[in-house]
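Open the model in your viewer and keep the selection tool at hand. We will go from stop to stop, and at each one you will hear what to select and what is there.

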Amino acid sequence: MGWIMPGLKPLLWACSLLAILLLLNSCGSPGAAPVERQVRDGQPLLVGEAGLPDHSPRSLAGPPGLPTHLRIPIIGVDATIETVGVTASGELEVPARRPWDDVGWYRLGPRPGERGSAVIDGHLDRPGGAPAVFWRLRELQPGALVQVLDSQGHWWSFRVRALAYYPPRQAPLQQIFADTSGHYLNLITCAGDWIASEHQTQLRLVVYTTLIA
Amino acid sequence: MRNSSHRHPSMGSLLGLLAVLCCGALAWAPGLGFAQKAAASPSAFVRIMHASPDIGVADVFLDGRRALSNFQFGTVTDYLAIPPGPHKVQVALIGKGPDAAVITQTLSVEPGFAYTVAAIGVQATGLSLVVFKEDNSLAAGKAKLRFYHLSPESGPATLTANGTPLIKNLQYLRASDYTLLAPGRYTFDVDLEQQHISQQTTLEVSVNQITSIFSIGLPLGTPKLELVARQVAGTPSLPDTGSDPGASASPPAQAGVPVALPLVLTLLLLLIGGSTTLLLRSRR
């Protein structure tokens with residue numbers, strides 16, 4: 001390396017190091033995110049929070065129809081909404097028709113736009129690790145826009161209030177599914193490392209949003 | 001030398017730009033975005049029941065502020081979201097204000113949990129609040145039921161469903177464990193064996209639903225013994241939305257950033273870096 005000018009060596013080394021880091025990242029576990037390491041003693045980790053006013057349903061629009069489409073512009077989500085219920089073991093179902101590309105609205109809860117906590121889930125990744133519909137959900141920041149189209153052609157707009165990571169058995173289910181203090185839409189996907197023995201990821205990510213219009 | 005000295009800043013700028021591109025790619029790559037963190041707490045959820053025969057229509061104050069008004073015997077509120085931690089709860093006759101409270105207690109609630117807080121008792125033995133921590137998670141395909149014995153001066157209570165004992169000898173101020181039922185229509189009887197008194201109600205219990213049955217009132221007085229029922233939807237567990245990264249690959253990704261893109265970008269950057277060094281060496 002003596003043929004390289006001395007002033008350029010550090011830059012080349014830095015460049016190579018960064019490139020190697022990038023290479024490692026692209027080959028790593030798709031579910032891993034650095035913030036998740038901060039979960040301690042089963043306590044939920046909340047990442048960011050924005051105080052947002054709750055809005056009553058629009059009087060002109062009337063009650064919302066069935067949700068049909070989800071759009072999250074900042075992370076490129078543009079997905080068809082399927083309806084989901086619960087599995088035989090009591091878990092929220094996941095979309096079945098197009099499991100990696102569609103999202104699932106929990107039909108036993110309120111509709112997006114109604115008072116209460118509407119819930120939509122979606123896959124993080126596909127078998128083999130390629131991204132699925134909610135791959136980039138963790139990139140959302142408080143204030144980001146989330147929109148739902150209903151069967152009557154109305155768009156219901158929500159803003160992200162907070163992101164939280166939970167071990168699945170320690171999630172605040174009442175908060176996620178049954179908070180009736182406002183008009184909420186909560187988005188759920190997986191997060192953390194894959195645990196082969198349990199055939200599931202270590203954590204769940206919940207994105208809390210509040211109706212704005 | 002003049003040409004060479006002229007080239008040095010140019011190559012430095014090129015490599016600097018390369019480093020900036022690398023940093024940009026790292027920041028953009030999924031999974032390495034640095035989310036902003038801030039302190040936050042989920043709410044606690046509390047519903048309040050008026051089960052004291054000796055408290056008339058009341059106001060309920062939470063930390064000195066009126067949370068409920070015109071609160072009548074036999075009423076159960078919906079779950080209210082409140083900040084977790086300790087709260088001063090006061091119950092006063094309607095319009096009298098918190099300074100005239102007949103019950104003042106500090107209760108502590110945990111984030112994310114649901115509670116039933118009942119105002120109970122009679123003047124002779126004291127008025128107070130009792131707290132029950134709830135589990136509103138659903139039992140798939142079943143109805144869940146919990147029985148609360150809040151009838152003073154009555155001894156233990158037994159709850160039967162369609163004539164079959166469901167919960168036996170529950171003591172006053174206790175709540176039963178959750179019991180699973182097949183969905184359907186039931187006639188529930190509460191029997192106060194020591195008083196030889198019973199009361200009944202008929203309910204439809206649905207799949208995935210949580211039913212609470214409160215026995216309140218006096219077996220030998222007014223307000224008389226009655227059963228109050230409340231039903232809420234059960235909450236499911238969180239879904240499994242991850243996939244085995246070691247499984248055989250599925251069709252190409254169409255959502256989000258393709259996983260191969262950072263890899264391609266890395267190889268491109270390495271190619272540019274290699275070309276630069278070769279160029280430097282050839283011109284030396």
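**Stop 1: the chains**

Before you select anything, bear in mind that this is a predicted model. Follow the chain from the N terminus and the elements come in the order α-β-β-β-β-β-β-β-α-β-β. Chain A has 213 residues, and 47% of them count as buried. If you draw its contacts at a separation of 6 or more, 62% of them are between residues 24 or more positions apart.

Now switch to chain B, where the secondary structure comes to two helices and 17 strands. Here 35% of the 284 residues count as buried. Take the contacts between residues at least 6 apart in sequence, and 63% of them join residues at least 24 apart.

**Stop 2: an open sheet in chain B**

Stay with chain B and select β4, β1, β7 and β8. These four strands form an open sheet in the order β4-β1-β7-β8, with mixed pairing. Which strands stand at the edges? They are β4 (80-82) and β8 (126-134) of chain B; each has a single partner strand, so one side of each is left without a neighbour in the sheet. Look along the sheet and you can follow its twist, which averages 35° from one strand to the next.

Next, zoom in on β7 (residues 114-122) of chain B and its partner β8(B). The two run antiparallel and are joined by nine bridges. For a landmark on this pair, pick B:Ile120, which has B:Ser128 of β8(B) opposite.

**Stop 3: where two domains meet**

Colour chain B by domain: domain 1 covers 43-134 and domain 2 covers 137-235. Their C-alpha centres lie 21 Å apart. Show the contacts across the boundary, and 13 residues of domain 1 of chain B meet 13 residues of domain 2 of chain B. On the domain 1 side, β7 and β8 of chain B each supply at least two of the touching residues. β7(B) gives the most to that side, with four residues. What is the make-up of the side of domain 1 of chain B that touches domain 2 of chain B? Its residues divide into 10 nonpolar, three polar and no charged.

**Stop 4: the largest nonpolar core**

Bring both chains back into view. The largest nonpolar core has 95 residues, and A:Val207 and B:Phe214 are those with the most contacts inside it. Strand β7 (residues 155-166) of chain A gives the most to this core, with eight residues. Domain 1 and domain 2 of chain B both give residues to this core, so it lies between them.

Centre the view on B:Phe214 and show its surroundings. Setting aside neighbours within four places in sequence, B:Phe214 is in contact with B:Met49, B:Ala51, B:Tyr148, B:Leu150, B:Leu227 and B:Val228.

**Stop 5: a hairpin in chain B**

Select β14 (residues 184-192) and β15 (residues 197-205) of chain B. They run antiparallel, with nine bridges joining them. Within the pair, B:Val190 has B:Gln199 of β15(B) opposite. Four residues lie between the strands of this hairpin, and B:His196 takes a positive phi near 55°.

**Stop 6: two loop residues**

Go to A:Pro112, in the loop between β4 (103-106) and β5 (116-121) of chain A. Is A:Pro112 buried or exposed? It is buried, because 30 other C-beta atoms lie within 10 Å and the cut-off for burial is 20 or more. Beyond the residues up to four places away in sequence, A:Pro112 touches A:Pro64, A:Pro67, A:Ala118, A:Val148, A:Trp156 and A:Leu185. One of these, A:Val148, is 36 residues from A:Pro112 in sequence, with 7.2 Å between their C-alpha atoms.

Finish at B:Val57, in the loop between β1 (44-50) and β2 (58-62) of chain B. With 14 other C-beta atoms within 10 Å, B:Val57 is partly exposed. Leaving out residues up to four places away in sequence, B:Val57 touches B:Asn70, B:Phe71, B:Gln72 and B:Ile94. Select B:Ser69 as well: B:Ser69 and B:Val57 are 12 residues apart in sequence and 8.5 Å apart in space, C-alpha to C-alpha.

Conventions:
Residues numbered from 1 in each chain as written. Chains lettered and ligands numbered in written order. Predicted model: local features only at pLDDT ≥ 70, side-chain atom pairs only at ≥ 80, totals over all residues. Buried ≥ 20, exposed ≤ 12 C-beta atoms within 10 Å, placed from the backbone. Contact = placed C-beta atoms within 7 Å. Pairing = 2+ DSSP bridges. Axes fitted to C-alpha atoms, helices over the stretch in contact; angles between N-to-C directions. Core = buried A, V, L, I, M, F, W, Y, C linked by C-beta atoms within 7 Å. Domains from an automatic or database assignment. Nonpolar A, V, L, I, M, F, W, Y, C, P; charged D, E, K, R; others polar.
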